[in-house]
Amino acid sequence: MPLRMTVGGTKVAVARSGMGANGGGMVAVVEREQSASEPDLECLRLSVHLLQTLVDANAGMRASLASNAKLLGDLLDPMLSREARNVLIAKALPPAHGWHAVVVRIFDADTLDGALLTLRLRQFSRRHKALLREEESGGEYVIAVPAPGLDPRSSEAVLRELHQVFERQLEHAPGFLYGLGQSGPAALSDAATLRHEANQAMTFGVRLNGFNRISRHEDMLLLRLLAHPAVIEESRPGFLRLLEPLLAMGEQGTTLMETLKVWLREDESMPRTAELLGLHVNTVRQRLERCRAVLNLTDFRTDTRLRLYAALQLLPLLTNAES
């Protein structure tokens, strides 16, 4: 049975568990008058600094984290030959179906619990055998994540989990601002190229869609080409004319455009769109039908979807250019 006590006015249940001769751990769970099967696991915040100290004090874990960071740093070194990188990969890492590089940049972390974020990233890295490196400049991470299989949906699930690590920080740090850029999958011997692509995706994604989102390089590639000033100036009237009926509706039109944008971005999956927007599938279906009617479209043909996708993604640049 866990020991129940009050810490700083908060009721908690504390359970201790041995982890071998050289260490131990403690978990504190906030009491919320719920059944034992429904604990708020985010209460690990109460003991995160203790757990972080235990991790840092473990010589084997400390060496493993340092080794992973050094290995990723070596693979990112442009002076290292491809042959040498392949030797390092073969000796130190298990085979993988390609790798994703993720660049994370922290823009505002005044209210962030850095120890909690570091612990979460380390847990993610150990769970998925990823390589984690914090850049010397601080405020930026590079993470190399192995693709778990040939099915791209499995990679999407892992990268979505990484994004959720940062999303959970917003619950306790509302002003937290970050950018995530993803590249790959490709061979880890191309780590420098993968990081460059991930950094481009993160930088352009923040410029286009704002903070606290993950941007994929393959999605940003077409948009970066279309975002050339000459192309924007040439295409702006046509794109704005396409969206004009929705833009004229004010706040209601903004809501419809956001639904349409997410639906197109999520491969036209209504369940995923509904999940991301916190809506019922029928509500998504009704909004899409409303978009089609307002835009006076017979249906969402492939060429229409492509133009709508580009126009909605580039809308911040189009309206800035207009003003």
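Predicted model: local features only at pLDDT ≥ 70, side-chain atom pairs only at ≥ 80, totals over all residues.
Colleague: How many helices and strands does the chain have?
Modeller: The chain is 323 residues in length. Its secondary structure includes both helices and strands. The counts are 12 helices and eight strands.

Colleague: How many residues of strand 6 are buried?
Modeller: Strand 6 covers residues 140-146. A residue counts as buried when its relative accessible area is under 20%. E140, V142, A144 and P146 point one way, Y141, I143 and V145 point the other way, and all are buried. The number of buried residues in strand 6 is therefore seven of seven.

Colleague: Which strand is joined to strand 6 by seven bridges?
Modeller: Two strands pair if there are at least two bridges between them. Strand 5 (residues 131-134) runs antiparallel to strand 6 and has four bridges to it. Seven bridges, also in an antiparallel arrangement, come from strand 4.

Colleague: Which residue of strand 6 does V102 stand opposite?
Modeller: Strand 4 spans residues 99-108 and pairs with strand 6. L132 stands opposite I143 in strand 6. V102 also has as its opposite I143.

Colleague: What percentage of contacts between residues at least 6 apart in sequence join residues at least 24 apart?
Modeller: A contact here means heavy atoms within 4.5 Å. The count takes in contacts in the chain between residues at least 6 apart in sequence. Of these, the share joining residues at least 24 apart is 62%.

Note on methods
Residues numbered from 1 in each chain as written. Heavy atoms only, no water. Buried < 20%, exposed > 50% of the residue type's maximum accessible area, 1.4 Å probe, protein only. Helix = DSSP H or I, 4+ residues; strand = E, 2+ residues; numbered from the N terminus.
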